[in-house]
Amino acid sequence: MGIKLTICGADQNNTYTERKAELSQITFEDAQELYANKILKSLELAQVNCDAYVRTCSNEHIETVKEIMSVLIDNSTLIERY
């Protein structure tokens, strides 16, 4: 049947995070951390067991996206335009 993975994550580079930081009078980075942890805690409370929890600001995420984009461009699935 194949391998089943559960991948969860937090998009930490969005307007919501920036706005929450302003309203809470904390730094953008602190807001990223706060809400990423809240998402993870919510998943745990809902008994969602993540094989991976990805944060969009992590080096792992950035490198993975670069690799995926390279494969898509190399296979002409995406066409890079300037």
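Reader: What describes two packed helices?

Author: Two packed helices are described by the angle between their axes and by the distance between those axes. In this predicted model, helix α1, residues 15-24, packs with helix α2, residues 28-45, at an angle of about 110 degrees, and their axes lie 8 Å apart. That angle makes α1 roughly perpendicular to α2, since 65 to 115 degrees counts as roughly perpendicular.

Reader: Which residues in α1 and α2 meet?

Author: From α1 come Tyr16, Thr17, Glu18, Lys20, Ala21 and Ser24, and these meet Phe28, Ala31, Gln32 and Tyr35 in α2. Sorted by class, the contact of α1 with α2 has 5 nonpolar, 3 polar and 2 charged residues.

Reader: How many residues does α2 have, and what span is expected for it?

Author: Helix α2 has 18 residues, and from its first C-alpha to its last it reaches 26 Å, which is close to the 26 Å expected at 1.5 Å a residue.

Reader: Which residues of α2 are buried, and where do they fall when seen down the axis?

Author: A residue counts as buried when its relative accessible area is under 20%. In α2 the buried residues are Ala31, Gln32, Tyr35, Ala36 and Leu43. Seen down the axis of α2, these buried residues fall within an arc of 125 degrees, so they line one face of the helix. What they pack against is β1 (7-10), α1 and β2 (52-55).

Reader: Where is glutamine 47, and what phi does it take?

Author: Glutamine 47 lies in the loop between α2 and β2, just after α2, and has a positive phi of about 60 degrees although it is not a glycine. With a relative accessibility of 67%, glutamine 47 counts as exposed. Serine 76, placed in the segment after α3, has a positive phi of about 60 degrees and is not a glycine; at 57% relative accessibility, serine 76 counts as exposed.

How values were computed: Residues are numbered from 1 along each chain as its sequence is written. This is a predicted model: local features need pLDDT of at least 70, side-chain atom pairs count only at pLDDT 80 or more; totals for chains, interfaces and linings use all residues. Side-chain values use heavy atoms; hydrogens and water are left out. Axes are lines fitted to C-alpha atoms, for helices over the stretch in contact, and angles run from 0 to 180 degrees between N-to-C directions. Helices (H or I, at least four residues) and strands (E, at least two) are DSSP runs, numbered from the N terminus. Angles under 35 degrees count as roughly parallel, over 145 as roughly antiparallel, 65 to 115 as roughly perpendicular and the rest as oblique. Contact means heavy atoms within 4.5 Å. Ala, Val, Leu, Ile, Met, Phe, Trp, Tyr, Cys and Pro count as nonpolar, Asp, Glu, Lys and Arg as charged, and the others, Gly among them, as polar. The expected span of a helix is 1.5 Å times one less than its number of residues. Buried means under 20% relative accessible area, exposed over 50%, partly exposed in between (1.4 Å probe, protein chains only). The arc is that of the directions from the helix axis to the C-beta atoms.
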